[in-house]
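I opened this entry to look up helix packing and charged pairs. The notes follow the order in which I went through them.

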Amino acid sequence: MIQSQSSTTEHRRSTGTGPLAPAAVASAARSAAVHAGAAERSRRLDDETAASLARAGFARHFVPRAWGGTEGTFGALLDAAATVGAGCASAAWCGALWAAHGRFAAYLPPDGQRDLWAASPDTLITAVMGASGEATPTRDGWLLSGAWPYASGVAFADWLLLTSTEPTEHGPRCRVFAVPRGRATVLDTWDADGMRGTGSHTVVVDSVPVPRHRSFLLSDLTEGTPGPGRARCHTVPAQLGGGLLFCAPALGAARHALDAWSQWAARHALDLPDAGVLRLHRALALSSDEIEAAQLLLRDAAQRADAAAWTGHDVARNRRIAASAVGLLARAVERLHRTSGGPAHEIPAAVERCRRDVRTIAGHRMLRREQAAADYAKTVFSELSEQPAVERELALEATRAEV
């Protein structure tokens with residue numbers, strides 16, 4: 001199915017109230033929970049849930065203060081998204097990405113930022129960072145054409161950030177282009193097993209003119225390049241802060257699965273033999289350990305992303321942590337799912353839905369364990385190879401002494 005090219009979001013716009021205040025975030029979480037089932041069936045968020053996320057301040061969280069934004073922290077966003085994720089992982093995913101995409105858009109030149117935020121810092125932005133399509137240079141900018149899958153929350157977007165390649169004399173390079181939502185066609189293609197409410201459909205544009213002030217180099221975002229008007233939160237390399245935000249909805253979903261499973265287990269433990277009760281005890285303890293460990297890891301990573309300075313090792317470490325944390329969460333929820341239900345008892349619906357959602361998040365390319373491990377090892381081995389021979393020998397002697 002092809003949706004209309006006209007924007008469907010203008011009547012849904014809701015002015016936010018500022019930072020991610022706990023009361024506003026809790027309200028968004030309640031709306032997400034109430035409409036979670038409907039969002040999964042319809043493969044998009046409920047209008048009220050999307051509006052409540054905007055009111056809570058997700059969209060403006062990283063927007064420059066010059067445009068009324070918050071220039072917030074990764075730690076605050078992690079906690080807020082996890083809170084919403086306990087109600088609906090899809091809602092938390094959209095909220096976290098709307099916040100992150102506001103950070104991306106801060107790389108636009110000032111006139112481009114004005115186009116997005118002059119009317120409100122709560123502009124909802126959907127971004128696709130995977131390069132696709134073709135950007136043909138013109139005298140005033142580019143003509144952009146192509147198709148971009150996995151555009152999360154696009155049903156509510158005011159603007160799109162689409163990544164494509166442009167030809168240069170040194171070969172192709174990637175740029176990000178800001179396109180009004182009304183200039184794109186949305187193809188109904190999202191039919192995943194989990195995270196169905198994100199509505200991550202495919203967007204298509206055909207020869208859309210993009211002026212120069214609505215584009216920036218992808219490498220600037222990836223590397224966290226400083227620039228005029230960019231606050232500390234805008235110059236964080238993509239891998240330093242991005243992975244932990246992908247994990248936030250999974251953290252919330254795992255917490256919800258644990259709560260739902262615990263209520264189920266407390267009711268049914270009375271009917272089980274001692275061996276069955278022990279099995280539940282072990283499942284509760286192990287899954288609780290893994291969920292709490294993941295939370296600690298992610299909060300540590302968020303503190304690193306919010307710190308005043310960072311190194312290449314910090315970037316690789318945060319990527320490793322995100323991949324490890326989502327693995328812990330997936331394992332915890334899988335265990336809860338495996339030890340619930342049975343011949344006489346149906347698996348709690350919340351546990352089943354959270355399992356699908358967490359598994360889908362864990363499969364995201366940004367959270368692949370093998371690549372994260374390789375990047376981390378590369379930085380560690382590189383640092384060790386650059387260490388002076390005397391220091392290496394002293395470290396080896398210390399290791400031998402401990403053994």
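At what angle do the axes of helix α4 and helix α9 cross? I am working from a predicted model. For α4 (residues 74-85) and α9 (residues 274-306), I noted a crossing at roughly 150°, with the axes coming within 8 Å.

Next I listed the residues at this contact. From α4 I wrote down F74, G75, L78 and D79, which meet L298, R299, A302, A305 and D306 of α9. Sorted by type, the residues of this contact are five nonpolar, one polar and three charged.

I then turned to the salt bridges. I found 21 of them in the structure.

First entry: R43 and D188. Their closest N and O atoms are 2.7 Å apart. I placed R43 in the loop between α2 (36-42) and α3 (47-56), and D188 in the loop between β6 (185-187) and β7 (201-211); the pair therefore ties together parts that are 145 residues apart in sequence. I also checked the accessibility of both partners. R43 has 18% relative accessibility and counts as buried, because the cut-off for buried is under 20%. D188, with a relative accessible area of 25%, is partly exposed.

Is E166 buried or exposed? I have E166 down as buried, at 6% relative accessibility. R173 is partly exposed, and its relative accessible area is 38%.

D375 sits in helix α12 (residues 369-386) and R319 in helix α10 (residues 312-338), so I noted that the pair ties together parts that are 56 residues apart in sequence.

Last entry: the network. Which residues are linked in a network of salt bridges? I wrote down E40, E334, E352, R355, R356 and R359.

Methods:
Residues numbered from 1 in each chain as written. Predicted model: local features only at pLDDT ≥ 70, side-chain atom pairs only at ≥ 80, totals over all residues. Heavy atoms only, no water. Salt bridge = Lys/Arg side-chain N within 4 Å of Asp/Glu carboxyl O. Helix = DSSP H or I, 4+ residues; strand = E, 2+ residues; numbered from the N terminus. Buried < 20%, exposed > 50% of the residue type's maximum accessible area, 1.4 Å probe, protein only. Axes fitted to C-alpha atoms, helices over the stretch in contact; angles between N-to-C directions. Contact = heavy atoms within 4.5 Å. Nonpolar A, V, L, I, M, F, W, Y, C, P; charged D, E, K, R; others polar.
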